[in-house]
Amino acid sequence: MSSKNPPPPESGADKPNGDLAAEEDRCPVEEVALVVPETDDPSLPVMTFRSWVLGLACCCLLIFLNTFFTYRSQPLAISAILMQIAVLPIGRFMASTLPKRDFHLFRWKFSLNPGPFNMKEHVIITIFANCGISYGGGDAYSIGAITVMKAYYKQSISFLLALLIVLTTQVLGYGWAGMLRRYLVDPVEMWWPANLAQVSLFRALHERENKSKGMTRMKFFLIAMGASFIYYAFPGYLFQILSFFSWVCWVWPHSITAQQIGSSQSGLGLGAFTFDWAGISAYHGSPLVSPWFSILNVGAGFVMFIYIIVPVCYWKFNTFDARKFPIFSNQLFTRTGQKYDTTKILTPEFDLNVAAYDSYGKLYLSPLFALSIGSGFARFTATLTHVALFHGREIWKQSRAAIKSAKLDIHAKLMQSYKQVPEWWFLILLFGSIALSLLMSFVWKDDVQLPWWGMLFAFAMAWIVTLPIGVIQATTNQQPGYDIIAQFIIGYILPGKPIANLLFKIYGRISTVHALSFLSDLKLGHYMKIPPRCMYTAQLVGTLVAGTVNLAVAWWMLDSIENICDVDALHPDSPWTCPKYRVTFDASVIWGLIGPRRLFGPGGLYRNLVWLFLIGAVLPVPIWALSKAFPEKKWIPLINIPVISYGFAGMPPATPTNIASWLITGTIFNYFVFRYHKRWWQKYNYVLSAALDAGTAFMGVLLFFALQNEGHNLRWWGSQPDHCPLAKCPTAPGIVVKGCPVF
């Protein structure tokens, strides 16, 4: 996937620094050299009046809409790419209509219209918009904790405390990002593959191309987006079976085993496929932007886990009493295969009633769910070992040597034209957020449950893992998570305290997610030659505004909608059922209320899964040893154990069909097309990824507002995906479940 002498980018803007880079300055990552322009015009204005107005408007609008819809039975996530496209004609309209004369305010002089709407303004507006999207999947992760505290546990927390939780987690991540720039943004090897789709889209929207050399990227983008827009009406509404196409169940409609194997929603998904771009890109992102070696690693782990380990554990050894439960489910179960009623083991203070728990019985998981948790144990330690072995020497050298002495590619050299952001700017944010977080532990200790030493432990954990996980994401486009580990650890230390468990996860894990989102945007700014101080301002202001609006909307809804999230108390047709936050509540029950000691400790049913911590730590060692023993074998270092284990990450809620479809699509474009039609890949691959995202998102919004939000849902055979009802049935003798045969 890399080449020392890749062909030059097809087109470059006619800029003052517009000469093509010398061969020794070219970025050694072939994908970057093919896509990212090697030019810059430092005279272009960036933080203009248009940038501020449109950027803040996009940020506020996106965070409002995503927060509002996340509480509904059918949550709707609106992507920043919609604003990225919609803002272009608005920006050009402002450039043609706003007055061009200068205005004076005290000592400052500024213009409402400094000239044509340029690409750098467009990029910085997108950075603002990303603050309303990327740093929380549509809303701040901490809103989940606030919702659980208010709606589920009925806690009377203050708005000030909630605001501190939301802002400190995000600003903490920004502090980590600032300290890790030298390791995860500046080095040419840290190329953040997902950003190349954004770069391609910006170039398609702004650069003029020679029409005699084939279809322009802009025309291709519009055609592909239009086709995606029209097509998504079928899997999104008219013919939803395309989202989960399980033909095996049609061939054997009365066989439980066949449906367990072939179901795309409740089984192993063998032979199933999703023809829905939203389903393909839902959990691992766009397969078109992931490098081939990453796809290959994920595929190896997926095949090993889904088609070897899970079937052997289920049918051969009946591991963890697996046949008493569905082979694939995210529900919690009793030993008789019934759904677990957590209300029977809660005290009025939402602590664990030990006597009731002993009487009601232990909690059980579906076999795939349990094994997926075990894979998370292995993934955590494998990530640390892999980065220490394969990247430890480089990280150590960069820690000791000045970054200026490192080899610079053309992009880094062009960025030297701008003033850099001093590290102490980030340190102020970092230590300020740490101080405010510790203050919470003293002032509101009964509400947050997490003591000051627990906060410090969470910060230390985030600091340890952000760098190695960042290295993985910056090179493979995969982000190994450790949500399970964070909740596992604090669940052992502070059992019976679900709120403490939630907050530890936020500060120990979600601050890392925020940091990596900030770092990804910093690399985008690096590629697009945005002045670092403009990036700092846009990210900081956007984060503070997005966090405040996010909480304000959530607070308003939690206080004004009666019985919000309480499914039992709501009207049957009420849309405010909060399925997303129900999962957050369930996690607080598993890891905080019951605690990992009862599930994974001595005597626990899942105690043997803990050995995967050790196995994960050891697995990268032989790969590293082989890479040193056979340095001429360049493919050996590409074997990445954390990414292999990522092949079964996120299941559930991700299904095997989602991942299998992602793998097939990625293989087509990033192996076959890249290898045999490289010029087409160079010009259109990332543009196609952005077009598919945009068309799907636009039609999704239209369907939601015009039909689904009004209750106009189709009821026919094609609107019911999967058609594998028996896949949810247990196969152990004597287990009685409604709608299932008894063996």
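**Reading the terms on this model**

Biologist: Why is Leu 439 called partly exposed?

Modeller: Its relative accessibility is 41%. Buried means under 20% and exposed means over 50%, so Leu 439, at 41%, counts as partly exposed. Keep in mind that this is a predicted model. Leu 439 sits in helix 18.

Biologist: What makes Leu 439 part of a nonpolar patch?

Modeller: A patch residue needs over 30% relative accessible area, and Leu 439 has 41%. The patch on the surface also includes Leu 436, Phe 442, Trp 452, Trp 453 and Ile 493, and its residues have about 820 Å² of accessible area together. Helix 18 (423–443) and helix 20 (452–476) each bring at least two residues to it.

Biologist: Why is Asp 40 said to form a salt bridge with Lys 120?

Modeller: The closest N and O atoms of the two are 2.7 Å apart. The cut-off is a Lys or Arg side-chain nitrogen within 4 Å of a carboxyl oxygen of Asp or Glu, so the pair of Asp 40 and Lys 120 qualifies. Asp 40 is in the loop between helix 1 (30–35) and helix 2 (49–70), while Lys 120 is in helix 4 (residues 119–131), 80 residues apart. In general, side chains of opposite charge can pair when their charged atoms come close.

Biologist: How do you know whether Asp 40 is buried or exposed?

Modeller: Asp 40 has 3% relative accessibility. Buried means under 20%, so Asp 40 counts as buried. Lys 120, with a relative accessible area of 6%, is buried by that cut-off.

Biologist: What makes Arg 50 and Glu 121 a salt bridge?

Modeller: Their closest N and O atoms are 2.8 Å apart, and the limit is within 4 Å. This pair links distant parts of the chain, with Arg 50 in helix 2 and Glu 121 in helix 4, 71 residues apart. Arg 50 and Glu 121 are both buried.

Biologist: Why is the pair of Lys 150 and Asp 559 said to tie together parts of the chain?

Modeller: Their side chains meet in a salt bridge at 3.4 Å, N to O. Lys 150 belongs to helix 5 (residues 142–152) and Asp 559 to helix 23 (residues 532–560), so the pair ties together parts 409 residues apart in sequence. Lys 150, with a relative accessible area of 17%, falls under 20% and is buried. Asp 559 has 51%, which is over 50%, so Asp 559 is exposed.

Biologist: Why is Trp 192 called buried?

Modeller: Trp 192 has 2% relative accessibility, and under 20% means buried. Trp 192 lies in the loop between helix 7 (181–184) and helix 8 (195–206). Its phi is near 50 degrees, a positive value in a residue other than glycine.

Biologist: How much of the whole chain counts as buried?

Modeller: Of its 743 residues, 59% count as buried. The chain's secondary structure comes to 30 helices and four strands.

Definitions and conventions:
Residues are numbered from 1 along each chain as its sequence is written. This is a predicted model: local features need pLDDT of at least 70, side-chain atom pairs count only at pLDDT 80 or more; totals for chains, interfaces and linings use all residues. Side-chain values use heavy atoms; hydrogens and water are left out. Patches are made of residues with over 30% relative accessible area and no salt bridge: like charges are joined within 9 Å, nonpolar side chains (Val, Leu, Ile, Met, Phe, Trp, Tyr) within 5 Å. Accessible areas come from the Shrake-Rupley method with a 1.4 Å probe; for residues, only the protein chains shown count as cover. Buried means under 20% relative accessible area, exposed over 50%, partly exposed in between (1.4 Å probe, protein chains only).
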